[in-house]
Structures are given as structure tokens and as C-alpha cells.
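Here is a model for us to talk through together. Shall we see what it can tell us?

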Amino acid sequence: MRVGTNAYLLLSALLFTIGVVGVLIRRNAIVVFMCIELMLNAVNLTLVTFSRINGTLDGQVMAFFVMVVAAAEVVVGLAIIMSIFRTRRSSSVDDSNLLKY
Amino acid sequence: MTVLAVTATERAEFLTFVPLAILSVVAAVAMVLSRNAVYSALMLVVNFFCLAGFYVLLEAQFIAAVQVIVYAGAIMVLFLFVLMLLGIGSEDVLTETIPGQRPAAAVLGLLLLGAVGFALANGGFGGGAGSLAAVNAGGNVQAIGRLLFTRYVFAFEAVGMLLVVAAVGALVLGKWRQ
């Protein structure tokens, strides 16, 4: 009836795998983006778990930085998706196979 | 050695961990499988709240609060905003455009999970249950703030710069060109 830290690591591996599979099978660019967020969160869970294993707070600070970078990435990514949608009227990743036009 | 004795705290952690773990995995799978992108976004919010619960269990109260405020609050609202802006009428295409893509994705995912599980089973990551009680004695937020403004102050400034660049980049990309 105890939760070892390995349970947290296994759970975050599971969430990361679900995110990877989602990126591979979904076609909607926004859903693909959400799966990337899921993977980032799984890695954050790993970092916080390592922070507890080591008994220091460096992992939590690193998770904080990952969150900031994720926020910046979401802003730029959604702006790119919006500008692709404006020119192509579609948010499917299959429709945007060229960088220009 | 009373290693095997289960304290009340550990039992409480177990009883919190198991439902949260099940809920988070179910929400993640539902996010991937749901056809409507809005449902995916809502399932992702559920998953983020579960992760905030895990952070509390792992003695990371500050990260838990930031998870709720920044991720579930700001980032997911941004996602929903863009979803509504693009129109939610466009359902996802369900036919496979590349033959054999989904079985390949499943196999690759299982391989990844197997590799990480193998490393965990072999004790590759220590696996000891440490405790943050000593460093959190004066408060988790205070300890993180002290670390952020001493050892990681350069990274902190760089990340601030990154946020400014991202905001300017979003402005440039979002500008409507006639």
C-alpha cells in the first residue's frame, strides 16, 4: 500500500507514450499540439519526481523553466497554425506540405 | 528496521495516487481518441488538474499552483480560443492517409513504453523514496524563490527574454496581411 517513486516515473512514461501515439495518429494540427503539451507535462512529472528522489529542489526549478518555455512555444505555435489556416482554410497537417504558398 | 510498516501518510498518498493516476491516464487516452477537438482540450484540462494533484503529493506546492494557474488557466484558454477562432465544425479526418500508420504508431509507442519500463524495473533511476521535508522546511515557495534568484538567475533572465521574443513573434505572425 505504498507508492514508490517508480510508480510516478512509470505513470509519466505512460502519459508520454500516449502523447507520442497521439502525435503519430492525429491529423488535426491543434490536437497534435495538445499531445505535445501532454508530453511536456509528463516530462515535468518526471523532473518533480527526481527532485523528490534526490531531496533537492533543482528538479522543481527545472520543471518551472519547462513550463515557461512551453508557454512561449504554445504562443508561437498557435500563431503559426492560425496563419496557415488563413491561407489554406484547413488545420490538418496533411494539407500543409509546403513551407510557402 | 521498520521499512515495511505503512504509515498513515503513505496510505493517504496511496489512496490519492491511484484514483488520480487512473483518471489522468483515462483523460489522456480520451484526449487522443476524441474526434471533436474541443473535447480533447477539456480532457487535457482534466489531465492537467490530475498532474497538479501529483505535484502536491510530491511536495511541489509551488509547481502545483503554477500548473493550475498557467497550464489549466492560461494555456488551455489560449487553445480553446484558437479552436473557436478556427471554427469547430471541421471534424477530424478519420481515414488513414498513410497506409499502416496507426499500427506502426502503436508498435512504436509500445516499444517506447517497454524501454522505459525495462529501465525502471532494473532500478536505473534509483527509485528510493526521498523526502523534501528538509529543504521545504521554510516553505516551498520561499526555497524555490531563493534558488531561482541565486543559482538560476541567469536562466531566469534568459527565460524572460524568451517570453518577450515569443510575444513579439506571435504579433508578427498574427498580423493580418492584405
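This is a predicted model: local features need pLDDT of at least 70, side-chain atom pairs count only at pLDDT 80 or more; totals for chains, interfaces and linings use all residues.

Student: Which helix of chain B gives the most to the side that touches chain A?

Tutor: In the contact, 76 residues of chain B meet 64 residues of chain A. On the chain B side, α1, α2, α3, α4, α5 and α6 each supply at least two residues. The top contributor, with twelve residues, is α1(B).

Student: How do the residues on that side of chain B divide into nonpolar, polar and charged?

Tutor: Here we sort the residues of chain B that touch chain A by type. They come to six charged, 15 polar and 55 nonpolar.

Student: Now for one helix pair: are α3(A) and α6(B) roughly parallel or roughly antiparallel?

Tutor: Two packed helices are described by the angle and the distance between their axes. The axes of α3(A) and α6(B) come within 9 Å and cross at roughly 10°. Angles under 35 degrees count as roughly parallel. So α3(A) and α6(B) are roughly parallel.

Student: And how many residues of the contact of α3(A) with α6(B) are nonpolar?

Tutor: Among the residues making this contact are Phe65(A) and Val68(A) of α3(A), and Leu162(B) and Leu163(B) of α6(B). The contact has no charged residues and three polar ones, and its nonpolar residues number 17.

Definitions and conventions
Residues are numbered from 1 along each chain as its sequence is written. Chains are lettered from A and ligands numbered from 1 in the order in which they are written. Two residues are in contact if their C-beta atoms, placed from the backbone, lie within 7 Å. Helices (H or I, at least four residues) and strands (E, at least two) are DSSP runs, numbered from the N terminus. Ala, Val, Leu, Ile, Met, Phe, Trp, Tyr, Cys and Pro count as nonpolar, Asp, Glu, Lys and Arg as charged, and the others, Gly among them, as polar. Axes are lines fitted to C-alpha atoms, for helices over the stretch in contact, and angles run from 0 to 180 degrees between N-to-C directions. Angles under 35 degrees count as roughly parallel, over 145 as roughly antiparallel, 65 to 115 as roughly perpendicular and the rest as oblique.
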